[in-house]
Amino acid sequence: MRALRGILLLAVACVASTSVAYAAGKRYALLVGVGKYPEGSGFPVLPYAERDAEVLARVLVASGYDRQLVRVLTLTRGARDPRFLPTLRNIRRELELITRDRQPDDSIVIALAGHGFTRRETNPPQASPQERKTFFCPLDSDLSDLGGLLPLGEIYTLLAESKAGGKLLLVDAARWNPDQASTSLSFFLPPPPPDSVSAFYSSSANQLAWDAHDQGGGHGVFFHHVIEALKGDADQEFGNKDGYVSLGELVPYVQKNVEDYSRRRIGAVQAPYFLSKPETNQFILASPRKSPGPPAFVTRSVPIKLLKIVPTVFRMGSPENQAADYPEEKPQHQVRLTRDYYLGQTEITQAQYLAVTGKNPSNCSAQGRLRSIVAGQDTRAFPVENVSWFDAIVFCNELSRREKLEPYYLIASEGTDLEKARSVRIPDLEASGYRLPTEAEWEFAARAGVETRFPFGDTEVGIEAVAWFADNSGRVRWDSQRFWKEFCKGDKVTFIVQAIRSGCQTHPVASLRPNAFDLYDMHGNVQEWCADAYRTAYYRSDRVDDPINLNMYLPLRSLRGGSFADGAECLPASRRLALGPTEATMCTGFRIALTLPQ
């Protein structure tokens, strides 16, 4: 059997190396994810089926599919619009639409993630394929009523009748063994497709398909590797590295990686099963573009350097066992940022702020309240401070206008600054224009790939190499943590007074070591405003994808990173601080962000 699989892999890989059909037509996709069936249906919960469909949709769109031609049916989408519920009726309607009136240079991908099984038309377990029917289970399926099931043969017929040139069915449905629940049901058995259709199943006959809890935030093992293949890995590992992913490249990549993962990480056999005529597996599935945009750029009107951040899933917040951190940083939870973005390499400087707004409110400046401390120093490269959240978003809008972009924030034209701040409307993160980073974007960038409190570990040892804070930012070095514990008794004013007496001040941006993303001063120098409204218990109800708190009527806005006048305990990547939207102190500054165009 292993030798036969090796021959099949080789055969598909050989097809991948030959010329492929670069279809110039339209690319259609129908993606169905059913993770939670109604109570009493008899189906176990599949925690990642919806995510498989949603992430697959994003990858297809990122690789060139028209967003309007990618249809996704999930319970979550259906809660907003019943047309998108993955019911039998809705799936059949979408199947009719996606297969009808296609052209030979069009392609169709249908992906199903959910439960499925085979029904024996005769009782003997050795019934032939012709005596069996294999079904996918829509949301409204019930083991006691098999009339609500979707026969895969029905999908095959519609695809075979379609004039599209490339037709692929992806199915991950062998998720449980129903033999114990019914004498007429058996393991999911992949049926052979018509000649013009390719079918790729998550496992072979009598094998279960498994979940990968540690991959991409959690996926089915099969669809996780399908997604990675479509991102371009299949072209690199099994293809000709031309920047396109063909079916002939995707299949061996997924087969190899699913088998390896299931054997090593789960201790089980899961061998994806591919059924196709050789001539049908040459069409292009995706043309995954690398993340668009340069790795960095400098704004034209006022020179500000921004770096491209390509996010992944990460753990946000502080773990429960980290006693040094605060309740508002917990629980630590998984977050997925779905869009690349640009982030200022440094905090906005006094010179940059002055050039955009005509003002310099900084205390650490020649006219500021701490002018005696910075006397004789050129403060133009110091981070601007003494700016409020509202000041920061006004700066972002003005910079957008100067850069010929639509201002990101919608701000009322009348009222006090506080009234205007409460009226601010924040659009979808895909909107153009300069903005503040979200808390999640800021923390991902500050962590730069590590899960520890600081870039170098969980203790403060070594923090002076990357951060200006109370202990090292003044003329006199002092132990701020000891002073806080012994003299302040919780009084922040006493602490600030001592910081000023010690000559604490801001310092030129980028004068210490950057983190692994080449970002400076993510810890210390000034606290940085984020886009989010602040709520202490926000993490307990935080969404996984692109979290942001948009309730502008909440009284506080989020700050991150700590400052030159804070102790080291305020500097961890997870530390959350807050002030009112129109409050400004000698510690508050910001850096800017920009959503990467899709």
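Predicted model: local features only at pLDDT ≥ 70, side-chain atom pairs only at ≥ 80, totals over all residues.

Colleague: Which residues touch the most other members of the largest nonpolar core?

Modeller: The idea comes before the case. A nonpolar core is a set of buried Ala, Val, Leu, Ile, Met, Phe, Trp, Tyr and Cys residues joined through side-chain atoms within 4.5 Å. Buried means under 20% relative accessible area, exposed over 50%, partly exposed in between (1.4 Å probe, protein chains only). Here the largest core has 41 residues, and Leu-31, Leu-230 and Leu-250 touch the most other members. Elements giving two or more residues to this core include strand E1 (27-33), helix H6 (221-238) and helix H7 (247-266). Helices (H or I, at least four residues) and strands (E, at least two) are DSSP runs, numbered from the N terminus.

Colleague: What does Leu-250 touch?

Modeller: Contact means heavy atoms within 4.5 Å. Leaving out residues up to four places away in sequence, Leu-250 touches Phe-200, Val-226, Ala-229, Leu-230, Ala-234, Val-245 and Leu-285. Another core, of 40 residues, lies apart from the largest one; Val-32, Phe-117, Leu-150 and Leu-152 are among its members.

Colleague: How many salt bridges does a search of the whole structure find?

Modeller: Side chains of opposite charge can pair when their charged atoms come close. The cut-off is a side-chain nitrogen of Lys or Arg within 4 Å of a carboxyl oxygen of Asp or Glu. The search finds 26.

Colleague: Where do Glu-228 and Lys-231 sit relative to each other?

Modeller: Both are in helix H6, three residues apart, so about one helical turn separates them. Lys-231 is partly exposed, at 42% relative accessible area.

Colleague: Which parts of the chain does the Glu-439 and Arg-576 pair link?

Modeller: That salt bridge is 3.0 Å, N to O. It links helix H11 (residues 439-447), which holds Glu-439, to strand E22 (residues 576-579), which holds Arg-576, 137 residues apart. Glu-439 is buried at 1% relative accessibility, and Arg-576 is buried at 2%.

Colleague: Are Glu-443 and Arg-560 buried or exposed?

Modeller: Both are buried. Their closest N and O atoms are 3.0 Å apart in a salt bridge. Glu-443 lies in helix H11 and Arg-560 in strand E21 (residues 557-560), so the pair ties together parts 117 residues apart in sequence. A network of salt bridges links Glu-439, Glu-443, Arg-447, Arg-560 and Arg-576.

Definitions and conventions: Residues numbered from 1 in each chain as written. Heavy atoms only, no water.
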